[in-house]
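Please read it alongside the sequence and structure shown here.

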Amino acid sequence: MSELLLGAGLLGVATPARANISLVVMLVAAVLFTIGWRLAVRKRYDAHRWVQTVAVVLNAALVLGWMVRSFVLYVVPEIPARLGQAAYAVTTLHAVVGAIGLVLGVFVALRGNGLVPKRLRFTNYKAFMRTSYGIYMLATLLGVLVYVNTYVHPL
Ligand code: HEM
């Protein structure tokens, strides 16, 4: 694992340490979201709230501290000219799905912790939480595709 994080990479291909750390942390966040979902099913709502809040914060820190910068530097200048290329299309789709997941996830976490104004306090938790979970999982899957395409095997 330490070799992977230091840049030895997946499948024997050299990859930047930052991208490896980002991949591992996002996979950990996805596992946490799944554990949190199971806790809700078992009606352990306090534990559920804590686990989901930690996962949302981990996710948001990486997206805002690493991915947005990378997207603005390397992808935005090529839009729309290279959107026809699979790599740019997948990364852009990933960014759009990820941005929706981030906004929705932060909102639901704030709501769950009683931190939004009264008029925004939805009560249909299930619909909001299921949608956020699905979008986070889709964004993670697309993120893994972006990683594989960028560092392991171009699409
Ligand atoms: C739910 C939210 C998100 C999840 C779960 C997620 C997940 C991932 C994962 C697992 C990777 C592969 C590791 C890496 O290369 O860093 C990745 C890469 C990337 N993501 Fe995201 N992401 C999310 C949101 C976003 C957003 C909102 C943007 C852009 C505005 C974005 C842009 C990128 C870019 C450009 C890369 C390639 C970074 C690089 O290695 O240069 N992501 N993402």
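The crossing of H2 and H3 is left-handed. The model is a predicted one, and its protein chain contains 5 helices and 0 strands. In sequence order the pattern is α-α-α-α-α.

**Helix H2 against helix H3**

- The axes of H2 (residues 17-41) and H3 approach within 8 Å and cross at roughly 160 degrees.
- With angles over 145 degrees counted as roughly antiparallel, H2 and H3 are therefore roughly antiparallel to each other.
- On the H2 side the contact is made by Arg18, Ser22, Val25, Met26, Ala29, Leu32, Phe33, Ile35, Gly36, Leu39 and Ala40.
- On the H3 side the partners are Tyr45, Ala47, His48, Val51, Gln52, Val54, Ala55, Leu58, Asn59, Leu62 and Trp66.
- By class, the residues in this contact of H2 with H3 are 16 nonpolar, 5 polar and 1 charged.

**Helix H3 against helix H4**

- The axes of H3 and H4 come within 10 Å, crossing at roughly 145 degrees.
- This crossing of H3 and H4 is left-handed.
- H3 contributes Arg49, Gln52, Thr53, Val56, Asn59, Ala60, Val63 and Phe71 to the contact.
- H4 contributes Ala95, Gly98, Leu102, Gly105, Val106, Ala109 and Gly112.
- The contact of H3 with H4 divides into 8 nonpolar, 6 polar and 1 charged residues.
- Gln52 and Asn59 of H3 are listed in the contact with H2 and also in the contact with H4.

**Helix H4**

- H4 covers residues 86-112, a run of 27 residues.
- From first C-alpha to last, H4 reaches 38 Å, close to the 39 Å expected at 1.5 Å a residue.
- Its buried residues are Thr91, His94, Ala95, Gly98, Gly101, Leu102, Gly105, Val108 and Ala109.
- These buried residues of H4 pack against helix H3 (45-74) and helix H5 (125-152).

**Loops and backbone geometry**

- Lysine 43 lies in the loop between H2 and H3.
- Although not a glycine, lysine 43 takes a positive phi of about 65 degrees.
- Lysine 43 has 7 other C-beta atoms within 10 Å and is therefore exposed.
- Proline 80 is placed in the loop between H3 and H4.
- The peptide bond joining isoleucine 79 and proline 80 is cis, with omega at about 5 degrees.

**The segment after H5**

- Proline 154 sits in the segment after H5.
- Proline 154 counts as exposed because 10 other C-beta atoms lie within 10 Å.
- Leaving out residues up to four places away in sequence, proline 154 touches Ala87 and Asn149.
- Proline 154 and alanine 86 are 68 residues apart in sequence, and their C-alpha atoms are 9.1 Å apart in space.

**The chain overall**

- The C-alpha trace of the protein chain spans about 45 × 40 × 20 Å along its principal axes.
- Of the 155 residues in the protein chain, 21% are buried.
- Of contacts between residues at least 6 apart in sequence, 63% join residues at least 24 apart.

Conventions: Residues are numbered from 1 along each chain as its sequence is written. This is a predicted model: local features need pLDDT of at least 70, side-chain atom pairs count only at pLDDT 80 or more; totals for chains, interfaces and linings use all residues. Helices (H or I, at least four residues) and strands (E, at least two) are DSSP runs, numbered from the N terminus. The expected span of a helix is 1.5 Å times one less than its number of residues. A residue is buried if 20 or more other C-beta atoms lie within 10 Å of its own, exposed if 12 or fewer, and partly exposed in between; C-beta atoms are placed from the backbone. Two residues are in contact if their C-beta atoms, placed from the backbone, lie within 7 Å. Axes are lines fitted to C-alpha atoms, for helices over the stretch in contact, and angles run from 0 to 180 degrees between N-to-C directions. Angles under 35 degrees count as roughly parallel, over 145 as roughly antiparallel, 65 to 115 as roughly perpendicular and the rest as oblique. A crossing is left-handed if the near helix is turned anticlockwise from the far one by less than a right angle, and right-handed if clockwise. Ala, Val, Leu, Ile, Met, Phe, Trp, Tyr, Cys and Pro count as nonpolar, Asp, Glu, Lys and Arg as charged, and the others, Gly among them, as polar.
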